[in-house]
Amino acid sequence: MSVEALSGKVFLVVTGASRGIGRQIALTFGSLLEKGSHMLLLARDLNALCEVKKSIPPIVNVDAVRMDLSKATKTDLEEAIVKTLKGTTREAFDRVVVMHNVGSLNQKLLNELTDLNDWRTYYDLNFFVPAVLNAVVMNLFDSKTNTKKVIINLTSFTAIQAFIGTGYYCTVKVAREMYFKVFASENPDVDVLSYGPGAVDTDMFTFLCENVLDPVHKEHLRELWKNKIVISPEQSINHLVEVLKAHKYKPAEHVDYYDPL
């Protein structure tokens, strides 16, 4: 069974593509794309992005662009997309796929979060810029192009379950999920999914294990390692591919790695 969401000539955007889950998304999705597809990989680490680019089949055109997504503007995002599409037309693509992966983690108690600038910086990277990017793509590939659109929001169990010390992370994940539910309601022709990747062995997961403030959460993480439930990025993204293949989810539904297909 083919992956309809990645079929035909695809324009694929992946944020936070230099490492961890974002890197694996670029590698796995890139290996499934057909000739003539284009990829735009965004992250702060250009050297790491270029290494990812080398591992993607040459039949796919790949642009690796250094961008600090906590500071990116509408103009920055538009220019990066238009530059990637230079030499082709938007109408040439059968579908556009946006993988909203970028994100950061912080461990602080809510009563310590009294600096509005810290809140704004966190939400700029994790919510506001992804929302602007989403709108930019939709406006560039408007109804005139007849291009099918797929939007995947990388979410987390913390959008459902609260933990001590995760005020930033939990609230932004909830906000993103609700944003995409509203977006799906306003754009019923767009295929929208919020995917929870599970407990994945990444730098972010290691940071959480080392800095977690919630004793219950800490014990839970220890059990995950002890019982070998922590998975690799490749396992998680392979499962995402299977979710896309099966396509049993409702618009903007939260689907977790551990949910049955």
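In the predicted model, the buried residues of helix 1 pack against strand 1, strand 2, strand 4 and strand 5, and also against helix 2 and helix 8. The buried set in this helix comprises Ile21, Gly22, Gln24, Ile25, Ala26, Leu27, Thr28, Phe29 and Gly30. Helix 1 itself is built from 13 residues and spans 19 Å between its first and last C-alpha atoms, close to the 18 Å expected at 1.5 Å a residue.

The largest nonpolar core contains 38 residues, and those with the most contacts inside it are Phe29, Met39, Leu41, Leu240 and Leu244. Two or more residues are given to this core by each of strand 1 (10-15), strand 2 (38-43), strand 4 (95-100), strand 5 (148-154) and strand 6 (191-196), as well as by helix 1 (20-32), helix 2 (46-54) and helix 8 (233-246). When neighbours within four places in sequence are left aside, Leu244 is in contact with Val3, Ala5, Phe29, Ile152, Leu193 and Tyr249.

Although Ser2 and Val241 are 239 residues apart in sequence, their C-alpha atoms are 9.7 Å apart in space.

Conventions: Residues numbered from 1 in each chain as written. Predicted model: local features only at pLDDT ≥ 70, side-chain atom pairs only at ≥ 80, totals over all residues. Heavy atoms only, no water. Core = buried A, V, L, I, M, F, W, Y, C linked by side-chain atoms within 4.5 Å. Buried < 20%, exposed > 50% of the residue type's maximum accessible area, 1.4 Å probe, protein only. Helix = DSSP H or I, 4+ residues; strand = E, 2+ residues; numbered from the N terminus. Contact = heavy atoms within 4.5 Å. Expected span 1.5 Å × (residues − 1).
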